[in-house]
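I opened this model to look up two things. I started with the ligand and then turned to a pocket.

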Amino acid sequence: MTLREAGFRGEIALEEPLAGHTTWRVGGPAEILATPRDREDVLLAVRWAAASGLPWRVLGNGSNLLVQDAGVRGLVLHLRKVLDAVEVDGGRLRAGAGVLLPVLANLAARRGLAGLEFGAGIPGTLGGAIVMNAGWHEWEIGPSVEEVTWLSPEGRPETLGNADCAFRYRGSMFRDRGGIVLGATLRLTPEEPRVLVERLQRFAESRKANQPTELPSCGSVFLKPPGDFAGRLIEQAGLKGYRVGDVEVSRKHANFFVNLGQARASDVLALVEHVEGVVLDRFGVRLTREFEAW
Ligand code: FAD
């Protein structure tokens, strides 16, 4: 039985190149890329994949993801801009996993709710942000999360409190265990909308000045090593501008590797490995990759 025959109502694309669905603009096709219409569609697709013996994965906005040139087999559930209902209730903001974080940050600021301003420049979905415990400087999404609705890898819908999520620097229980984040309730703090909107503008200017936001990338390639910055080490190693094929260590921010046009996943991986090797040799620091690889 096909996914459609099983009753899936959303969009289905076969052998769809994932390069167009990741911010690095790199990656081969998904055997089945399915965009669910709603939560029932998500549950149905997961049960169908399990019954068909097919592996399945979740794609948010693909902003922290490197997909191999050969692509991926099985089902990819695409949650960008689906499950996107948002509801404000006093200091609480309930949202579906597919809402883009910048949309949520702007909405919260206009409604006089503080705590998400850091997310205005993070081009992921709320689901991806929760999985990664997305953050910027001293801010992270984790502390604002009150509750998460989650489909466990076994296909059981669950509601989890903050402590169950085990948020850590760029990670969470969801990153370790998989499953699907379906939505979350965030607890935010009242503040003047004018102050919040000004803060958003300041943050946006800072990003524009310091990051190559005009070129495709996955944001930071490596996590912050203890007491240091990956970008500082890469720059000190003289690697700014170092290039493999069409992927380059950004000249603006050395922890961003930018796609100059036709980069392949194999180029990205070769560059990542080269940088890891040089930084280890020069400084004895083993860098940890921040992005997910499929
Ligand atoms: P994806 O890349 O689609 O997926 C990442 C992982 O999460 C995958 O394993 C995927 O399977 C899983 N996943 C996604 N959605 C779900 C879901 N609903 N349920 C279960 N699993 C899911 N990150 C920061 O933390 N701080 C920054 O300042 C920052 N700046 C960035 C700037 C740029 C220009 C770019 C391109 C990226 C930046 N990032 C930053 C990285 C990225 O935006 C975040 O990690 C973001 O949270 C990823 O969300 P996504 O929806 O794109 O996830």
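Entry 1: I keep in mind that the model is predicted. Next I checked Thr 125. One of its polar side-chain atoms lies 2.7 Å from an oxygen atom of the ligand. Then I went to Val 181. There a backbone N or O atom is 2.8 Å from a nitrogen atom of the ligand.

**Entry 2: cover.** How much of the ligand's accessible area does the protein cover? On its own the ligand has 970 Å² of accessible area, and the protein covers 92% of it.

**Entry 3: the shell.** I noted which elements give two or more residues to the shell around the ligand: β3 (56–59), α3 (126–132), β9 (135–136) and β13. The largest share comes from α3, with five residues. I found 34 residues around the ligand. The closest are Val 58, Gly 60, Ser 63, Thr 125 and Gly 135. I sorted the shell by class and got 16 nonpolar, 14 polar and four charged residues.

Entry 4: Why does the ligand lie between domain 1 and domain 2? I have domain 1 as 11–78 and domain 2 as 86–210. Both give residues to the shell, so the ligand lies between them.

**Entry 5: the second largest pocket.** I then looked up the second largest pocket, which has a volume of about 200 Å³. Its lining has 14 residues. Closest to the pocket centre are Arg 39, Ala 95, Thr 149, Gly 183 and Ala 184.

Entry 6: At least two residues each come from β7 (92–96), β11 (145–151) and β13 (180–187). By class, I wrote down six nonpolar, four polar and four charged residues for the lining.

Note on methods
Residues numbered from 1 in each chain as written. Predicted model: local features only at pLDDT ≥ 70, side-chain atom pairs only at ≥ 80, totals over all residues. Heavy atoms only, no water. 1 Å grid on protein atoms, 1.4 Å probe; cavity = no way out; pocket = protein on both sides within 12 Å on 5 of 7 lines; lining within 4 Å. Points joined across faces, edges and corners; volume = space filled by probe spheres on them. Helix = DSSP H or I, 4+ residues; strand = E, 2+ residues; numbered from the N terminus. Nonpolar A, V, L, I, M, F, W, Y, C, P; charged D, E, K, R; others polar. Near = heavy atom within 4 Å. Polar contact = N/O pair within 3.5 Å; in protein donor to acceptor, adjacent residues only side chain to side chain. Areas by Shrake-Rupley, 256 points an atom, 1.4 Å probe, with all protein chains shown as cover. Domains from an automatic or database assignment.
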